[in-house]
Amino acid sequence: MLFRQVVSEGLAHYSYLIASGTGAAVIDPRRDCDIYLEIARNNGLSIRHIFETHRNEDYVTGSTALKEACGAEIWHGRQMDFAFGNPVQEGDRFTLGTLEILVLETPGHTEESISLVVRDLAVSPDPFMVFCGDTLFAGEIGRTDFYGLSRNAEMAQKIFDSITTKILTLGDGVIICPAHGPGSICGGAIAEHPLTTAGYERLSNPRLKMGRDAFIAHRVTESPYTPRYFRRMEAWNRNGPPRAPADYYPRPLSVGALETALRDGCQVVDIRSPTSFAGGHIRGSISLWRRGISGFAGFVLEYENPIALVDDFNTGLEEVSRQFIRMGYDTIAGTLSGGFGSWASAGKEIAMLPSCTAPHLAERLNREPAFLLDVRHGDTWRSSMHIPGAHHIYVGEILQHLDEIPKDRPVITYCDAGFKGSLAASLLSRNGYNNVTNLLGGMAAWTRAGFETVP
Ligand SMILES: [Fe+2]
């Protein structure tokens, strides 16, 4: 048997390829599906089946592109009408060499969610592993709010029952292969280990240990963030997504071409560090560091306008571009040739984002009535300390709450470590706030410097 877990950083998405003999199956493929073809090619395999555990909402499915490349059949749960592929139902079985794949219907995260139980009949008739999509994660249970908060309790009940009656009963030693790891917006507090077992989850998963009623009661008190790009992913993944751009490497843009693109409404995304952005950037650009692209682009970038990238040295841009394409941002106009330095040396206007250190902020708060804005995740805001006098708006929701942020006072943004604060400050600057400062090092710097915090 061959088993590969393909990790897409940023989205914290796990897809899988399993094989036995010469046949392979791919579970929840990502849109840039060349990696599965490469694994198959390197191992003399032919991909016969593509399974989607559910209509994913945080990335563009790669099923149709993979089918086009290798001819495999696509399968998904029967409780949703897809414009492509074939429905499966409880009890359906597929064979790959000595492997048998059994379909379980496990609704809760979505109605059509399925799990795939794998047995290696050459070894034992007992289940060996299960691919369970967004139903059960290491240390967490999938979201249940996608049908609206009015159905959250109903879906929470379904997911808990799916897990306890269908997945955990497979046996303690069964390996759980989830679709996401820590950092995913599809799970609140997913544990760090990329695989787990049914027994480990039964004994340690905090959600399961609550018990059914307490889990449902707790679930309805939660309100996880839903980035606006989810709507587009849901539609594409049901109806079939457009073909991805042929070339993942962004083309070089001269300074003049970038100026033209800016005039035409292009969104300039500055992927450098907050300190570089603070030191100088192209006016109107969005400060979105590389590792934050998958987590935050979908909250703040529009699909309608192209995206131009600004880096220092233009290294590793194919991976940056792949992050955008996995989220359906297919309109990457290019990247500033020569990096930000070429803009500076061309004598073009350079904007600066004021930033401050923790001691500067402490001194400043004593002498002026600044509007202090904490942009950390709401869970962090509620469960940990913050700077006295701070207001909270999550960075991903700032654009929907601009009316709560005064324009006639200085605004100081802060977050955990300075990255989200820089993003927030850049969004405010784009929206007419001309006195915005970001706290470098964020709450980490403030706390370590020993300044006062309040719950
Ligand atoms: Fe999902």
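Tutor: Let us begin with Ala12, which sits in the loop between strand E1 (2–8) and strand E2 (13–20). Please keep in mind that this is a predicted model.

Student: What is the phi of Ala12 like, positive or negative?
Tutor: Positive, at about 55°, although Ala12 is not a glycine.

Student: And is Ala12 buried or exposed?
Tutor: Ala12 has a relative accessible area of 10%. The limit for a buried residue is under 20%, so Ala12 is buried.

Student: Where is Asn314, and what is its phi?
Tutor: Asn314 is placed in the loop between strand E18 (307–310) and H11. Its phi is positive, about 55°, and Asn314 is not a glycine. With 17% relative accessibility, Asn314 counts as buried.

Student: Changing topic: which residues coordinate the iron ion?
Tutor: The iron ion is coordinated by His54 through NE2, Glu57 through OE, His109 through NE2 and Asp134 through OD, at 2.1 to 2.3 Å.

Student: What geometry does the site of the iron ion have?
Tutor: The site is tetrahedral, with angles of 93 to 132° among the four donor atoms. As a reference, the ideal angle for four tetrahedral donors is 109.5 degrees.

Student: How are the donors of the iron ion spaced along the chain?
Tutor: They follow the spacing H-x2-E-x51-H-x24-D. Glu57 lies in the loop between strand E4 (46–52) and helix H2 (63–70), and His109 lies in the loop between strand E8 (99–105) and strand E9 (114–120), so this pair ties together parts that are 52 residues apart in sequence.

Student: Are Glu57 and His109 buried or exposed?
Tutor: Both Glu57 and His109 are buried.

Student: You mentioned strand E9. What is the strand order of the open sheet of six strands?
Tutor: The order is E7-E8-E9-E10-E13-E14, and the pairing is mixed. Strand E7 (93–96) and strand E14 (196–197) are the edge strands, each pairing on one side only.

Student: How many bridges join strand E10 to strand E13?
Tutor: Four bridges join E10 (residues 129–133) to E13 (residues 175–178), and these two strands run parallel. Within E13, Ile175 is the bridge partner of Met129.

Student: Where is Leu116, and what does Leu116 touch?
Tutor: Leu116 is in strand E9. Leaving aside residues up to four places away in sequence, Leu116 touches Ile27, Phe51, Ile101, Leu102, Val103, Met129, Val130 and Phe131. At 1% relative accessibility, Leu116 counts as buried.

Student: How far is Leu116 from Gly133?
Tutor: They are 9.0 Å apart in space, C-alpha to C-alpha, and 17 residues apart in sequence.

Student: What about the sheet formed by five strands?
Tutor: That open sheet has the order E20-E24-E23-E21-E22, with parallel pairing. Strand E20 (355–356) and strand E22 (391–392) stand at the edges with a single partner strand each, so one side of each is left without a neighbour in the sheet.

Student: How do E21 and E22 pair?
Tutor: Strand E21 (residues 371–374) and E22 pair in the parallel sense over two bridges. His391 in E22 is the bridge partner of Leu373.

Student: Which helix lies across E21, E23 and E24?
Tutor: Helix H15 (residues 419–430) lies across E21, strand E23 (411–414) and strand E24 (436–439), and H15 runs at about 175° to E24.

Student: Let us turn to aromatic residues. How many aromatic pairs are found?
Tutor: A search of the whole structure finds 17 aromatic pairs. One of them is the tilted pair of Phe296 and Tyr394, with 6.5 Å centre to centre and 50° between the planes. Phe296 is in helix H10 (residues 293–300) and Tyr394 is in the loop between E22 and E23, so the pair links parts of the chain 98 residues apart.

Student: Which cluster do ring pairs form with Phe296 and Tyr394?
Tutor: Ring pairs link Tyr225, Trp289, Phe296, Phe299, Tyr394 and Phe419 into a cluster. Phe296 is buried at a relative accessible area of 12%, and Tyr394 counts as buried at 7%.

Student: How many residues of H10 are buried?
Tutor: Seven of its eight residues are buried, including Phe296 and Phe299. What covers the buried residues of H10 includes helix H7 (229–239), helix H11 (317–326) and H15.

Notes: Residues are numbered from 1 along each chain as its sequence is written. This is a predicted model: local features need pLDDT of at least 70, side-chain atom pairs count only at pLDDT 80 or more; totals for chains, interfaces and linings use all residues. Side-chain values use heavy atoms; hydrogens and water are left out. Donors are N, O and S atoms within 2.8 Å of the metal (3.2 Å for Na, K and Ca); water is not among the atoms, so sites may look incomplete. Four donors count as tetrahedral if all angles lie between 85 and 135 degrees; four count as square planar and six as octahedral if opposite donors are over 155 degrees apart and all others between 65 and 115; anything else is irregular. Buried means under 20% relative accessible area, exposed over 50%, partly exposed in between (1.4 Å probe, protein chains only). Two strands pair if DSSP finds at least two bridges between them. Contact means heavy atoms within 4.5 Å. Axes are lines fitted to C-alpha atoms, for helices over the stretch in contact, and angles run from 0 to 180 degrees between N-to-C directions. Rings of Phe, Tyr and Trp (its six-membered ring) pair if their centres lie within 6.5 Å; planes under 30 degrees apart count as stacked, over 60 as edge-to-face and the rest as tilted.
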